[in-house]
Amino acid sequence: MVNRLVVAAPASGSGKTTVATGLMAALRRAGSRVAPFKVGPDYIDPGYHSLATNRPGRNLDPVMVGEHRVPGLFAHGSKGCDIAVVEGVMGLFDGRIDTAGIGSTAHVAKLINAPVLFVVDARGQSRSLAALLHGFRGYDPTVRLGGVILNQVGSERHEQVLRSACDEVGLDVLGVLPRDPQFSLPSRHLGLVTAAEHGPEAVAAVDAIADAVAKHVDLDAVRRLAQSVPAMAVAAWEPQVERVKDEPVVAVAGGAAFTFGYAEHVEVLRAAGAAVAVLDPLHDEDLPEGTAGLVLPGGFPEQHAEALSGNVKLREAVARFARSGAPVHAECGGLLYLARSLDGHPMCGVLDAEGFMTPKLTLGYRDAVASTSSPLHPPGSRVTGHEFHRTQLSTPHSTPPAWQWRGVDSRPVAEGFVVGGVHASYLHTHPAGDPEAVARFVRACHPFVAGVADGTVFA
């Protein structure tokens, strides 16, 4: 596998995204071909990684895809690159709750046998930094801390004290980033503002971070750390699915409102024989010509509700398409777009539900069982997915649910909708964890390739 390192931290908010994105951009500027990765189910950070590297940002999530697939997915995303930079999630050992760190940054670092570059927010830190580093290094000696980036350093004297603390525990300092408000990215209720929404300002922010990293981080030392890995022969992941022959057009929503998708989703769709066409619901007034299937991924439709609502022609086209029985796969933001309204703004009206923002964050992995036959799953199929939203739905009438799972109090939870060919849910899933579901979806498009609605029932 390619030269590699993992950017981790003691806790969220330490500056991992800033350092990882800046490293990716600075290394690329210096001539490296950089493969970007993010640990866990995050959709937002990979957008900035993509800006920094000009390559698709990818996720490594053992919970969603199974730990056995992680090395292959890493090899797949690293093809043609010199170095891979993997941004961690939360604190180094924080994984799925009530497990021994499954899905944590440390777990992924071990799966791909990569050293850890440890980012520490130095505000309020002095010699006690030595104790913190000693504790993290000793907690699991099979995770190799290979160096430290000191972030938010206040002065030259502060830097000297912190370097001495690192020397005490024998960890090299590979970079020192001073306190500077321009070394940040804009945030809102689910984390950072997506790169697609931030537009030119996102590019400028990544450039500023790259400038800072190039100035304050020893890139040669970073390369040496990434090179200090054993050779590993790992077969790159490839979607092993049956391919249909008629190449149905599958429209996949994108643009600023629908950015929460995995790069592997489009790859599996194409491997299964689909001709993928990108749809921007903020601007396009009709579905792509010949559309036989529609994918509505997550994103921030609540931030664009007025504009989405104002595109009446597309809303009506989506409603007609869904009511024809053609396959529609909607996750989270896509679910909201199919509702009657979102925060009072009319949406597509495919689902008998009203969406609205709440102060409550719903977050976590779910071990789900398919409740109802759909274009994606036969009843009884099991997946592990992830919820991440601050919206809720008001549903006055019962509809066959998409999923069932056990809640935190062990009570059964029914979630999502299956209506004709529509499978809509808050649950995000990773296509590499269940490529057959994507292939089933493409096969379900077949009766609609010529625009024929035959009321297909999915067995």
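How many aromatic pairs does the count come to?

Author: This is a predicted model, in which local features need pLDDT of at least 70 and side-chain atom pairs count only at pLDDT 80 or more, while totals for chains, interfaces and linings use all residues. Residues are numbered from 1 along each chain as its sequence is written, and side-chain values use heavy atoms, with hydrogens and water left out.

Rings of Phe, Tyr and Trp (its six-membered ring) pair if their centres lie within 6.5 Å; planes under 30 degrees apart count as stacked, over 60 as edge-to-face and the rest as tilted. By this rule the count comes to 8 aromatic pairs. One of them is formed by Phe37 and Phe74, whose ring centres are 4.9 Å apart and whose planes are at 35 degrees, so the pair is tilted. Phe37 belongs to strand β2 (residues 34-39) and Phe74 to helix α4 (residues 70-78), so this pair ties together parts that are 37 residues apart in sequence. Helices (H or I, at least four residues) and strands (E, at least two) are DSSP runs, numbered from the N terminus. Phe37 and Phe74 are both buried; buried means under 20% relative accessible area, exposed over 50%, and partly exposed in between (1.4 Å probe, protein chains only).

A further pair consists of Tyr43 and Tyr262: the ring centres are 4.8 Å apart and the planes are at 40 degrees, so this pair is tilted. It links distant parts of the chain, with Tyr43 in the loop between β2 and α2 (45-53) and Tyr262 in the loop between β10 (249-253) and α11 (263-271), 219 residues apart. Tyr43 and Tyr262 are buried. Ring pairs also join Tyr43, Tyr262, Phe260 and Phe300 into a cluster.

In β2, 6 of its 6 residues are buried. Both faces are covered, with Val34, Pro36 and Lys38 on one side and Ala35, Phe37 and Val39 on the other. Two strands pair if DSSP finds at least two bridges between them. β2 runs parallel to strand β4 (residues 83-87), joined by 5 bridges, and Ala35 stands opposite Ala84 in β4. With strand β3 (residues 58-60), β2 pairs in the parallel sense over 3 bridges; there Val39 stands opposite Leu60. Together β2, α2 and β3 make a right-handed β-α-β unit, where right-handed means that, with the strands pointing away from the viewer, the path from the first strand over the helix to the second runs clockwise.

Next comes a residue in a helix. Thr21 has its place in helix α1 (residues 16-29). Its relative accessibility is 0%, so Thr21 counts as buried. Leaving aside neighbours within four places in sequence, Thr21 is in contact (heavy atoms within 4.5 Å) with Tyr48, His49, Ala52 and Val206.

Last, there is a position taken from a record. An unreviewed UniProt entry lists Cys332 under "active site"; UniProt positions are given in the numbering used here, feature names are shortened, and annotations may be inferred rather than shown by experiment. Cys332 is found in the loop between β13 (328-331) and α14 (333-338). At 5% relative accessibility, Cys332 counts as buried. Apart from neighbours within four places in sequence, Cys332 is in contact with Gly298, Phe388, His389, Ser425, Tyr426 and His428.
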